[in-house]
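Let's take a friendly walk through a protein model together. Have a look at the picture below, and then we will go through it step by step.

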Amino acid sequence: MSADSHTDRKLHRAPQEGADGVRRGRPAAGQDPAKRQQIIEGARRVFIAMGFDAASMNDITREAGVSKGTIYVYFANKEELFEALIEEERGTIFKNLYEALESGGPLRETLTRFAVALSIKITSDKVVLAQRTIIGASERIPELGRRFYERGPRRGHDRLVEFLKAAAAQGLLELPDPGLAAYQFTELSLAGLFRQCMFAYRTETPKPDEIDYVARSGVDVFLKAYGTEKLREQESGSRQSAIGNRGESGTV
């Protein structure tokens, strides 16, 4: 084979550079999203099965189906890998959760919709397992648990506070302490469900009808405590209008 043809073959295999100056080809070491996700999924299974302290990088390497050389290209140690997993879990737990507060509609309906969405998410098997794992590691690495709380639950709490403040500004709620009211609302939405799931008292996730019942009951209690006369008049007017519409539709 001539030197020219050998050079041609090498050029043919080389990664190509596009018009934007970016070289096309295989991802550089540590830059393959699919490989990174493969490692994280393996780590998730190991941490759930063994706990943070008992798990080792060797365990994760075997479970993820990668080599030691590969795993250390992506993550320097178990703590760094666990932090990446926490960040992913945080995104899973809180993604789109608070959109229920932005969809508009009567206050009671909006709060009920949010309470149901919150309960479904927080009591799901995947989220319960994720929270157990995070809690288990927080004693040894408290800054990880702190960051998870600040970037997830705390941000969500602040969004709920802002929503409640907006309702108060409309004269629908009277809130001496909006922050406390938001915490109380969350607890009412999950009453009797969350802790039973966390401590494995329940063997199955709550059924939709039970979640709906708890959510509606929680909203009832919350609005009885913080709802104003304006809200009660508004809801009474809506009920009277609905009754009138049903009467008209039944008239021949």
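At what angle do the axes of helix H2 (residues 33-50) and H5 cross? They cross at roughly 95 degrees and come within 10 Å, where axes are lines fitted to C-alpha atoms, for helices over the stretch in contact, and angles run from 0 to 180 degrees between N-to-C directions. That makes H2 roughly perpendicular to H5, a label for angles of 65 to 115 degrees. Helices here are DSSP runs (H or I, at least four residues), numbered from the N terminus.

Before going on, please note that this is a predicted model, in which local features need pLDDT of at least 70, side-chain atom pairs count only at pLDDT 80 or more, and totals for chains, interfaces and linings use all residues. Residues are numbered from 1 along each chain as its sequence is written, and side-chain values use heavy atoms, with hydrogens and water left out.

Side chains of opposite charge can pair when their charged atoms come close. Arg 44 and Glu 88 do this in a salt bridge, 2.7 Å from N to O; the term asks for a side-chain nitrogen of Lys or Arg within 4 Å of a carboxyl oxygen of Asp or Glu. Arg 44 belongs to H2 and Glu 88 to H5, so the pair ties together parts that are 44 residues apart in sequence. The structure holds 16 salt bridges.

Now for the open spaces. A pocket is an open set of points on a 1 Å grid over the protein atoms alone, where a 1.4 Å probe fits, with protein on both sides within 12 Å along at least five of seven lines; lining residues have an atom within 4 Å of a point. The largest pocket has a volume of about 750 Å³. Of its 30 lining residues, Gln 131, Pro 153, Thr 186, Leu 190 and Phe 194 are the closest to its centre. The lining has 20 nonpolar, 8 polar and 2 charged residues.

The second largest pocket has a volume of about 260 Å³. H13 gives the largest share of its lining, 5 residues.

Conventions
Points joined across faces, edges and corners; volume = space filled by probe spheres on them. Nonpolar A, V, L, I, M, F, W, Y, C, P; charged D, E, K, R; others polar. Helix = DSSP H or I, 4+ residues; strand = E, 2+ residues; numbered from the N terminus. Parallel < 35°, antiparallel > 145°, perpendicular 65-115°, else oblique.
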